[in-house]
Amino acid sequence: MSETPHNKQLYIETVGCQMNMLDSELVVAALRKQQFELTNDIKAADTILFNTCSVREHAEHKIYSQLGRIKFQKRSRPNLVIGVMGCMAQKDQELIFEKAPHVDLVVGTGQLGEIPKLIDEARSSRERQTALSLDRKGGSRESVANSFESYDPLRDPEMRPSPYQAFVRIMIGCDKFCTYCVVPMTRGPEQSRPPSLIASEVRTLAEQGVKEVTLLGQTVNSYRHTEDGREYRMSDLLELIHDTEGIERIKFVTNYPKDMTDDLLQAVRDLPKVCRYLHVPAQSGCDDQLKAMKRGYTVAEYREMMQRINATIPGCAVSSDFIVGFCGESEESFQKSMALIEEFRFKNSFIFKYSERPGTKANGLWPDDIPEDVKKRRNNEMLDLQNRISEEDNAEFIGTTVQVLCEGASKTATKRGDADSDSPSIQLVGRTDCDRIVVFDGNPRLAGSMVEVDVHDITATTLLGSIVTRQITHGMEIDLPVVS
Ligand code: SF4
């Protein structure tokens, strides 16, 4: 492709969590309104953006390597604009320009609305552009909070990755300050969005065809906002949006164990559109480690929470996060985490090897003293245990019929190119109400509909099955497996 002075081809690479995925989606939507087009070819783009994550060292290394790789393009392509946005931008700030002088803009998580303007300015002035929020210690809580803006413009339907599913941000930031985590610094103070705004966003999404919304927050169940003299908690918010016409499923991630209140559990139990699925990171099964991490709860308190979940919402799927190799983690501490997984049989666990993060409390207090090979071994042992449990629990579904919201072509079908073919039957993927992934064959037109699937096989991560349709024959209802 020949390059024109302003070819408006945008390449964006996103690492990190769902919050980052949503941020990228919104930035792309804003740039599309200015006639930018997305390209997967970094060499064809005249605007390259990296939406970054600082939670793990590895994610940062990946971005710096990518920046190194495109350094030489800048010399031969004077119109190229390279931007770093998100958590790493907020955390590293000027350091990014020092390490990668060819970068044109550095934009923090609280300033994403500035990006279209800054790209224009960088291109016309050829000067570096920076838009950052205040540091956590850069002023009063209020002034720091005001410097982080929640970026939630309305999205056009064709700009969402899936027409039937959408993320909705309900809060930004975090005030928990776990000692290993940079998020309170990169995303600022905890701030909940007004319930009326969230409800209106959900209504708009539903009118655009969205069936499933996932409410996002770093500690989503800490949601609190007072509007018109009434305080809304997470349970009130769920009730407020529950009857939105067209919405069939509501999920919310990620939960903080200490804020898992009874009213929220009762809301999940009583509101049929709310998925019976809770992601509540434990991080460790050892009290000493939890204390060092400053998680704010003990193993006994986490256990009490799990008992309340199971008693209030029988059959609710719970998933967790664990950090292995955190400062001072003994073999005994690690085994306590393994025992916790055995005890609660999580649907799945996201397991991470600890990596030291500059700017966190842990970084200043303790050495990162667990050797890499020990971290790796613990990581693998924990994964093996969780996989065994997930496989055993998924096996219970064999022979049952599950309700699935069909999301469209599976990864395999997309890779094979089946998704773009006219085939009446391709491999599809969807999720159950308790967030289990289901793969089955069917017509691509089923994307966005609720289907029933007979499960006949499983893996640790997936249920495999075939669609059931009900056909009325001579007054009798029979089940028919559908192939197309
Ligand atoms: S709760 Fe802890 S781990 Fe989660 S975002 Fe806040 S500080 Fe980080």
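The C-alpha centres of domain 1 and domain 2 lie 27 Å apart. The model is predicted. Its chain divides into domain 1 (9-132), domain 2 (144-391) and domain 3 (401-482).

**Contact between domain 1 and domain 2**

- Domain 1 brings 24 residues to the contact, and domain 2 brings 23 residues.
- On the side of domain 1 that touches domain 2, H1, helix H2 (57-69) and helix H4 (87-92) each supply at least two residues.
- H1 gives the largest share of that side, with 11 residues.
- Sorted by class, the side of domain 1 that touches domain 2 holds 10 nonpolar, eight polar and six charged residues.

**The six-stranded sheet**

- Six strands form an open sheet in the order E2-E1-E3-E4-E5-E6. The pairing is parallel.
- Strand E2 (37-38) and strand E6 (129-131) are the edges, as each pairs on one side only.
- Strand E5 (residues 105-107) runs parallel to E6, and three bridges join the two.
- Leucine 105 has glutamine 129 of E6 opposite.
- Helix H1 (residues 18-32) packs on this sheet. H1 touches strand E1 (9-14), E2, strand E3 (47-52) and strand E4 (81-86).
- The direction of H1 makes about 170° with that of E1.

**Helices H9 and H10**

- In general, two packed helices are described by the angle between their axes and the distance between the axes.
- For helix H9 (residues 195-207) and helix H10 (residues 234-242), the axes come within 10 Å and cross at roughly 35°.
- The H9 and H10 crossing is right-handed.
- H9 makes the contact through Pro195, Ile198, Ala199 and Val202. H10 answers with Leu237, Leu240 and Ile241.
- This contact of H9 with H10 has seven nonpolar residues, no polar ones and no charged ones.

- Strand E11 (residues 224-227) and strand E12 (residues 230-233) run antiparallel, joined by four bridges.
- Threonine 226 has glutamate 231 in E12 as its bridge partner.
- Two residues lie between E11 and E12 in the hairpin. Aspartate 228, in the turn, has a positive phi of about 50°.

**The ligand shell**

- Three cysteines, Cys174, Cys178 and Cys181, are among the residues that surround the ligand.
- Also around the ligand are Lys176, Phe177, Val183, Pro184, Gln218, Thr219 and Tyr256.
- By class, the shell has seven nonpolar residues, two polar and one charged.

**Backbone details in two loops**

- The peptide bond between valine 253 and threonine 254 is cis, with omega about -5°.
- Threonine 254 lies in the loop between strand E13 (249-253) and helix H11 (262-270).
- Glutamine 35 is a residue other than glycine with a positive phi, near 70°.
- Glutamine 35 sits in the loop between H1 and E2.

Notes: Residues are numbered from 1 along each chain as its sequence is written. This is a predicted model: local features need pLDDT of at least 70, side-chain atom pairs count only at pLDDT 80 or more; totals for chains, interfaces and linings use all residues. A residue is near a molecule or strand if its C-beta atom, placed from the backbone, lies within 6 Å of it. Ala, Val, Leu, Ile, Met, Phe, Trp, Tyr, Cys and Pro count as nonpolar, Asp, Glu, Lys and Arg as charged, and the others, Gly among them, as polar. Two strands pair if DSSP finds at least two bridges between them. Two residues are in contact if their C-beta atoms, placed from the backbone, lie within 7 Å. Axes are lines fitted to C-alpha atoms, for helices over the stretch in contact, and angles run from 0 to 180 degrees between N-to-C directions. Domain bounds come from an automatic or database domain assignment. A crossing is left-handed if the near helix is turned anticlockwise from the far one by less than a right angle, and right-handed if clockwise.
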